[in-house]
Amino acid sequence: MVAILVGAALGFLSGLGVGGGSLLLLWLTLVMGEPQETARVMNLMFFLPCAFVATLFRWKQSKLPLPIALPAVLGGLLGAALGCLLGPQLDADLLKKAFGVLFVITAIRELRWKP
């Protein structure tokens, strides 16, 4: 039941564009004790339906600028393919540290951001 509630809350945040998948990684590794590799795969399975639903709603609201989105999607596909090919060769501890630094930088930026 807790997993369903956490999934719903993080799915809600994903729909807002906050990055619920990133928070899911923290939940899975820090709270549930899942290994980083397993958490990444579970995050991908979480992300696919959330992204589909959020994209569909944004499309219906006419808030999806295709001229901007399509090049980003193509770049994302290329980056994902490279990540899948090169990821297993990278040091897992280095990736954990880099991910942690990215979270800290993002948190500082969000706390200091003014509309």
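Predicted model: local features only at pLDDT ≥ 70, side-chain atom pairs only at ≥ 80, totals over all residues.
**Entry 1: helix H1.** I started with H1, which covers residues 2–16. I counted 15 residues in H1. From first C-alpha to last, H1 reaches 21 Å, close to the 21 Å expected at 1.5 Å a residue.

Entry 2: Which residues of H1 are buried? I found Val-6, Leu-10 and Ser-14. Looking down the axis of H1, I see its buried residues fall within an arc of 75°, so they line one face of the helix. I then asked what covers them; the cover includes H2 and H3. On the face turned away from the buried side, I noted exposed Ile-4, Leu-5 and Phe-12.

**Entry 3: after H1.** I checked the backbone just past the end of H1. Gly-17 sits there with a positive phi of about 85°.

**Entry 4: the patch.** I looked for nonpolar side chains on the surface. Leu-23, Leu-26, Leu-30, Val-31 and Met-32 form a nonpolar patch. Together they have about 460 Å² of accessible area. I picked out Leu-30, which lies in helix H2, residues 20–31. Leu-30 counts as exposed because its relative accessibility is 68%, and the cut-off for exposed is over 50%.

**Entry 5: Met-42.** I moved to helix H3, residues 36–60, where Met-42 has its place. Is Met-42 buried, exposed or partly exposed? Its relative accessible area is 35%, so Met-42 is partly exposed. Leaving aside neighbours within four places in sequence, I find Met-42 in contact with Leu-24 and Leu-28. I also took the C-alpha separation of Met-42 and Leu-23: 12 Å, with the two 19 residues apart along the chain.

Methods:
Residues numbered from 1 in each chain as written. Heavy atoms only, no water. Patch = residues over 30% accessible without salt bridge, like charges linked within 9 Å, V, L, I, M, F, W, Y side chains within 5 Å. Areas by Shrake-Rupley, 256 points an atom, 1.4 Å probe, with all protein chains shown as cover. Salt bridge = Lys/Arg side-chain N within 4 Å of Asp/Glu carboxyl O. Helix = DSSP H or I, 4+ residues; strand = E, 2+ residues; numbered from the N terminus. Buried < 20%, exposed > 50% of the residue type's maximum accessible area, 1.4 Å probe, protein only. Contact = heavy atoms within 4.5 Å. Expected span 1.5 Å × (residues − 1). Arc of directions from axis to C-beta.
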